[in-house]
Amino acid sequence: MNGPVVMKFGGTSVANAERLRGVAELAREHAPRGVLLVLSAFSGVTDSLFAAGRAAVAGNEAEALSLLGKMIERHRETAAELLGAKALPASVEAALSAAQSELGSVLRGAALLKALPDRSMDILAGRGELLSTTIQAAYMGAPWIAARAVMRPASRFGGAKPLTA
C-alpha cells in the first residue's frame, strides 16, 4: 500500500509530551506516503471540561473557572516541555488564550443560566482536540487543518457529520 495514511490517536496516546513525541516519530516514519494526523484531546481533558460545565451549572463558577485554568496550564506546560521553549510559538499562545477566553465565557454563562445547552456542550467537548492538534503541529512544523473546515453541524448540536462531495 503506497497511498497516504490517516493516523488517529486517542487521549492516552497524546497524554503528555513523551507520548506526543512518539506520535511525531510514527508520523515521520510514514511521511513519504503522506500523513494526516487526527488527535483526540489529552487524556482526561474532555472529562475535565465536562466537570467544569457541571460545576458552572451547579452555580460554582469559581470551581468551573479553576478547572479551566488547570486545563490551560496543563497544555501550556506540555507544550513548553515538548517544544523545549520558555516562549511558546504564537499559534500555541493564541490557541491557549482563545480557549481561556471562550471557554471562560461559556462557563460564566452556564453559571448565570444554571444551564449548559447542547451548543455550549459542543464548544466544551471540542476544545481539547483543537489544543492538542495545535501543539502537535507546532512541534512537528506541520500545517494545522481545522476539522471544522471539513465538518458541518447536523440539524442538532452534538451530531456533526463529515462533509460529502
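**Figure 1. A salt bridge between Glu-102 and Arg-127.** In this predicted model, Glu-102 and Arg-127 form a salt bridge, with 2.4 Å between the closest N and O atoms. Two distant parts of the chain are linked by this pair: Glu-102 belongs to helix H4 and Arg-127 to helix H5 (residues 118–140), 25 residues apart. Glu-102 is partly exposed, with a relative accessible area of 40%, whereas Arg-127 is buried, at 6%.

**Figure 2. Helices H3 and H4 side by side.** Here we turn to a helix pair. Helix H3 covers residues 61–83 and helix H4 residues 90–113; their axes come within 10 Å and cross at roughly 165°. Angles over 145 degrees count as roughly antiparallel, and H3 and H4 are therefore roughly antiparallel to each other. The crossing in which H3 passes H4 is right-handed.

**Figure 3. The residues where H3 meets H4.** On the H3 side, the contact is made by Glu-61, Ala-64, Leu-65, Leu-68, Gly-69, Met-71, Ile-72, His-75, Arg-76 and Ala-79. Facing them from H4 are Val-92, Glu-93, Leu-96, Ala-99, Gln-100, Leu-103, Gly-104, Leu-107, Arg-108 and Ala-111. Sorted by class, this contact of H3 with H4 holds 12 nonpolar, 4 polar and 4 charged residues.

**Figure 4. A salt bridge across the two helices, Arg-76 to Glu-93.** The closest N and O atoms of Arg-76 and Glu-93 are 2.9 Å apart in this salt bridge. Arg-76 lies in helix H3 and Glu-93 in helix H4, so the pair ties together parts that are 17 residues apart in sequence. Is Glu-93 buried or partly exposed? Glu-93 is partly exposed, with a relative accessible area of 31%. Arg-76 also counts as partly exposed, at 27% relative accessibility.

Figure 5. The side chains of Glu-73 and Arg-76 meet in a salt bridge with an N to O distance of 4.0 Å. Both residues lie in helix H3, 3 residues apart, which is about one turn of the helix. Glu-73 counts as partly exposed, at 35% relative accessibility.

**Figure 6. The salt bridges taken together.** How many salt bridges does the count come to? The count comes to 3. Through shared partners, salt bridges join Glu-73, Arg-76 and Glu-93 into one network. Glu-102 and Arg-127 form the salt bridge that opened this set of views.

Terms used. Residues are numbered from 1 along each chain as its sequence is written. This is a predicted model: local features need pLDDT of at least 70, side-chain atom pairs count only at pLDDT 80 or more; totals for chains, interfaces and linings use all residues. Side-chain values use heavy atoms; hydrogens and water are left out. Axes are lines fitted to C-alpha atoms, for helices over the stretch in contact, and angles run from 0 to 180 degrees between N-to-C directions. Helices (H or I, at least four residues) and strands (E, at least two) are DSSP runs, numbered from the N terminus. Angles under 35 degrees count as roughly parallel, over 145 as roughly antiparallel, 65 to 115 as roughly perpendicular and the rest as oblique. A crossing is left-handed if the near helix is turned anticlockwise from the far one by less than a right angle, and right-handed if clockwise. Contact means heavy atoms within 4.5 Å. Ala, Val, Leu, Ile, Met, Phe, Trp, Tyr, Cys and Pro count as nonpolar, Asp, Glu, Lys and Arg as charged, and the others, Gly among them, as polar. Buried means under 20% relative accessible area, exposed over 50%, partly exposed in between (1.4 Å probe, protein chains only).
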